[in-house]
Amino acid sequence: RLAGQDVQRGTFSHRHAILNHTETNEPYYNLAHIDEKQGKFSIYNSLLSENAALGFEFGYAMASPDSLTIWEAQFGDFANGAQLVVDQFISCSETKWQRMSGLVLLLPHGYEGQGPEHSSARLERFLQLSAAYNMQVVNITTPANFFHALRRQLAWPFRKPLIVMSPKSLLRHPKVLSPIKDFTKGGFKEVLDDDFATKKTAKKILLCTGKLYYELLEKQQKDQRKDIAIVRLEQLYPFPEKQLQQLLQTYNKKAKHVWIQEEPINMGAWSFLSHRFKQGELEPIARKAGASPATGFQKVHTKEQQELIDKAFA
């Protein structure tokens, strides 16, 4: 079950889950006809009343725990209007009322130069609410990993809310592909390693999450920087400390560890990550602190983004 603003077509014209006959206007649901034995597929465009819409989907997910129930915001910041539901119910229902929920939130997130309201899903708010294994917060970079994140929602013998910082530009990015074997074998990977850098001589390890990875990758490949590795945190909470430390131990012990994010330093994941490392163990690269999530000027955005990438590879 998928509901939200413009989900049938997809806000970024990427889904086209329903086709309408030009003469009869009869709808045809593509995803409802993949296999004769498949489960029921439902998709609903909702009103721009996020608080009411998300509240309903939260209730639906609790009433039907064996369904994959998804609410998608048209832009990540639209979750602002549903903050009451997130704060009072989704993040704490298990603690308050001993009731599990497997509700999935797809919140478009990524700095594309579209302005304050279309850049941030307020990742920092969800991380601030994360404790006692109450929910999952992810920012995924590959199709297969996204598939496994959704699959495990129902494969698990328990239910936890899944908060997805969803991509925008990655929907059409030529490098965002996964071979079939990655879907049929293995499972969700909380941390993804760099297969280009030289581990034993790397002088810097860039830790990042989400769509920024591909911009860093482009710079790394273009300049043939085998001395700088890029490690992706696909899952931010529960924080994959064991997986990350095991991976970092395979690198040069003298390598500098850097966290790089698109968001201003007072937003994004930095505050969440900073107290999970010893002082001086992880250096941040981010936009300067701001009252707004992003600039409203395309030229300023492009300049800021390039400065982040240049600093990462300096």
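Analyst: The model is a predicted one.

User: Which residues of α1 and α2 meet, and what is the contact made of by class?

Analyst: On the α1 side they are Asn51, Leu54, Gly55 and Phe58, and these meet Leu84, Val85, Val86, Phe89 and Ile90 in α2. By class, the contact has seven nonpolar and two polar residues, with no charged residues.

User: What makes α7 oblique to α10?

Analyst: Helix α7 (residues 212-223) packs against helix α10 (residues 298-312) at an angle of about 55°, and their axes are 10 Å apart. Roughly parallel requires an angle under 35 degrees, and roughly perpendicular requires 65 to 115. An angle of about 55° therefore makes α7 oblique to α10. The crossing of these two helices is right-handed.

User: Which residues make the contact of α7 and α10?

Analyst: From α7 come Leu212, Glu215, Leu216 and Lys219, and from α10 come Gln305, Ile309, Asp310 and Ala312. Sorted by class, this contact has four nonpolar, one polar and three charged residues.

User: How do you know that the radius of gyration agrees with that of a compact globule?

Analyst: For 314 residues, a compact globule would have a radius of gyration near 20 Å; the protein has 20 Å, so the two values agree. Along the principal axes, the C-alpha atoms fill a box of roughly 60 × 50 × 45 Å. The protein has ten helices and 14 strands, and 50% of its 314 residues count as buried.

User: Why is Asn145 called buried?

Analyst: Buried means under 20% relative accessible area. Asn145 has 4%, so this residue is buried. Its place is in helix α5 (residues 143-155). Leaving aside neighbours within four places in sequence, Asn145 is in contact with Ile140, Gly187, Phe188, Lys189, Leu192 and Glu234.

User: What makes Ala17 buried?

Analyst: The relative accessible area of Ala17 is 1%, which means that Ala17 is buried, the cut-off being under 20%. Ala17 is placed in the loop between β1 (2-4) and β2 (18-20). Beyond neighbours within four places in sequence, its contacts are Gln8, Tyr28, Tyr29, Asn30, Leu31, Phe41 and Ile43.

User: Why does Leu68 count as partly exposed?

Analyst: Buried means under 20% and exposed means over 50%, with partly exposed in between. Leu68 has 24% relative accessibility and therefore counts as partly exposed. This residue is found in the loop between α1 and β5 (70-72). Not counting residues up to four places away in sequence, Leu68 touches Arg1, Val104, Leu150, Gln153 and Leu154. The C-alpha atoms of Leu68 and Leu103 are separated by 7.3 Å, although the two residues are 35 residues apart along the chain.

User: Arg122 and Tyr133 also lie in loops. Why is Arg122 called buried, and why does Tyr133 count as exposed?

Analyst: Arg122 has a relative accessible area of 16% and is therefore buried, since buried means under 20%. Tyr133 stands at 58% relative accessibility, so Tyr133 counts as exposed, the cut-off being over 50%. Arg122 lies in the loop between β6 (104-108) and α4 (123-129), and Tyr133 in the loop between α4 and β7 (136-138).

User: What is the phi of Arg122, and what is that of Tyr133?

Analyst: Most residues other than glycine have a negative phi. Arg122 is not a glycine, yet its phi is positive, at about 60°. Tyr133, likewise not a glycine, has a positive phi of about 55°.

User: Is the peptide bond from Tyr237 to Pro238 cis or trans?

Analyst: Most peptide bonds are trans. The bond from Tyr237 to Pro238 is cis, with omega near -10°. Pro238 is found in the loop between β12 (235-237) and α8 (241-248).

Terms used: Residues are numbered from 1 along each chain as its sequence is written. This is a predicted model: local features need pLDDT of at least 70, side-chain atom pairs count only at pLDDT 80 or more; totals for chains, interfaces and linings use all residues. Side-chain values use heavy atoms; hydrogens and water are left out. Axes are lines fitted to C-alpha atoms, for helices over the stretch in contact, and angles run from 0 to 180 degrees between N-to-C directions. Helices (H or I, at least four residues) and strands (E, at least two) are DSSP runs, numbered from the N terminus. Angles under 35 degrees count as roughly parallel, over 145 as roughly antiparallel, 65 to 115 as roughly perpendicular and the rest as oblique. A crossing is left-handed if the near helix is turned anticlockwise from the far one by less than a right angle, and right-handed if clockwise. Contact means heavy atoms within 4.5 Å. Ala, Val, Leu, Ile, Met, Phe, Trp, Tyr, Cys and Pro count as nonpolar, Asp, Glu, Lys and Arg as charged, and the others, Gly among them, as polar. The radius of gyration is taken over C-alpha atoms; the globule rule is 2.2 Å times the number of residues to the power 0.38. Buried means under 20% relative accessible area, exposed over 50%, partly exposed in between (1.4 Å probe, protein chains only).
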